[in-house]
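Let's take a friendly walk through the charged side chains of this protein. Have a look at the sequence and the model, then read on.

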Amino acid sequence: MTKKPILTLEQVKEIEKTYPTPFHIYDEKAIRENARALKDAFSWNKGYREYFAVKATPNPFILKILQEEGCGVDCSSLTELMLSEATDFTGSDIMFSSNVTPVEEYKKASELGAYINLDDYTHIDFLAENVGIPETIFCRYNPGGKFELGTDIMDNPGESKYGFTKEQMIDGYKKLMELGVKNFGIHAFLASNTVSNEYYPTLAGILFELAVELKEKTGANIKYINLSGGVGIPYTPDKEPNNIKIIGEGVRKKFEEILVPAGLGDIAIFTELGRFMLGPYGQLVTKCIHQKHIYREYIGVNTCACDVMRPAIYGAYHHITVLGKENEPCDHKYDVTGSLCENNDKFAVERMLPKIDIGDYLVIHDTGAHGYAMGYNYNGKLKSPELLLKEDGSIQMIRRGETARDYFSTFDFCDILKNMKYDD
C-alpha cells in the first residue's frame, strides 16, 4: 500500500519555476470534501458544529475555506484569537480552550463573545475577578485514570494537566450558577490521534453520562457537549483511516441511549478536530541536494525539522514518495536528513525507498496539521512558504517563505542589524 501525492512530478517542475522547493502544499478540494463528510456524519444532531483547531494549521486562507464550509474555530492563545478575528470569526464562531491562561487572553475572548472553556476550578474566581462570568460557559472534564478502548490503553488522563475532576465539575457548576451562568457546556479530550472508530462513541458515552449526573446533582442547563479532538489519521500506509460516517453513527447511538431518555435530547454536539481536518491534505515537497555514503546511506534534502518537527521530536513516521519513481522497487535503505546541527533531524531512518538521485523531488506526506505550525528557527533556518492547490487546479501562495529580514526583525533595538542589507 502507498499514499498518493497531491502533485505529480510534472506539476512540481512547473510550480518550481515560480515557487522553488521546499514548500508546503494544501489540497483545497480534498479539505472541502472532508469538511462536508464530517458535517454529514453528524447531521442527525441539529446543533452540531465543528470548531477547527487553529493550532493545527494557523493560516487565514485555510480558515476561510473552513469558514465557508460552516466551521467555527477553536483557539488556545491570544494570537489565535486575533487571527480568528481577522478572518471574521466572532461570538459563537469561536471556542476558547486554553490552560494556565493569562488574563489578557480571557479579556480578548470575552471581547469577541467567544465561548470560554475553563480548564481549572480555580479559574472560576480568576475569571470572575478579572473579566466577568458570561451567561454561557464550558468546563473541561478530566476523569483521571487510564483511558482504554477494549484492552488497549489509549492515553493516561490521570497524568494530564488538563481539566476538572468530577467533584470539581459538580462544585464548579453550582458556583458558576450562583455567579449568573445560565447555560453550560461540557468538554473533554482524553486521547490524541486515535485511529479507531470507537474513540468518539466511547468518549461520548462518558460525557453523556456525566451530563445526566450533573443535571441531577446541580440542576444546570446543559446545552452543549464538546467531544474536542483526538480523531486521528493513519500516518503509515498500511492502516485504514477512520470512517467518520461510522463514528458519527456511533455517537448518535450513545446520544439516543443516554441523553434522550434523560430529557437531554436537545444538547448540541461540538467537535474540535485539527489533524483529521487537515493532516492528510497537506504535504511538504523537497528536493535531494546531497548524498552521503558512510556507515549508512544518507539523502540530504533542502528542508529540515524546522519545517516538520514531528519525526525529530517524536520519532514519528511520515510516509515519503519519490516523485516519478512511484512504481519503482523500494530496494534502497536510506536515512533522509535535513541540515540542522542535530542528529535527530531525520525525516526517515533506515527507510526502504527507490534509488534516489540528486535533484529528485521527495514528498513528505500528512503534514497538513502540526506541520508548518510547529516549525521554528533553530540554527537560523527559515520556514518554507505555504501554497494552496485550488479547486480549479491553479496554485496560490498563501504564506510566503521567511527571509533573513524576518529572522532579525525582533532586534529592532540593535543598530547593527537595523542597518543590515537584505537580499529578499
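**Charged pairs, one by one**

Helix 5 (residues 103-112) holds both lysine 108 and glutamate 111, which sit three residues apart, about one turn of the helix. In this predicted model, the two form a salt bridge, with their closest N and O atoms 3.2 Å apart.

Glutamate 68 and arginine 32 meet through their side chains in a salt bridge, at 2.5 Å from N to O. The two are 36 residues apart: glutamate 68 belongs to helix 3 (residues 60-68) and arginine 32 to helix 2 (residues 28-41). Glutamate 68 counts as exposed because its relative accessibility is 56%, while arginine 32, at 8%, counts as buried.

A further salt bridge joins lysine 355 to aspartate 357, and here the closest N and O atoms lie 2.5 Å apart. Lysine 355 is partly exposed, with a relative accessible area of 41%. Aspartate 357 is partly exposed as well, at 30% relative accessibility.

Searching the whole structure turns up 30 salt bridges. As a general point, side chains of opposite charge can pair when their charged atoms come close.

Note on methods. Residues numbered from 1 in each chain as written. Predicted model: local features only at pLDDT ≥ 70, side-chain atom pairs only at ≥ 80, totals over all residues. Heavy atoms only, no water. Salt bridge = Lys/Arg side-chain N within 4 Å of Asp/Glu carboxyl O. Helix = DSSP H or I, 4+ residues; strand = E, 2+ residues; numbered from the N terminus. Buried < 20%, exposed > 50% of the residue type's maximum accessible area, 1.4 Å probe, protein only.
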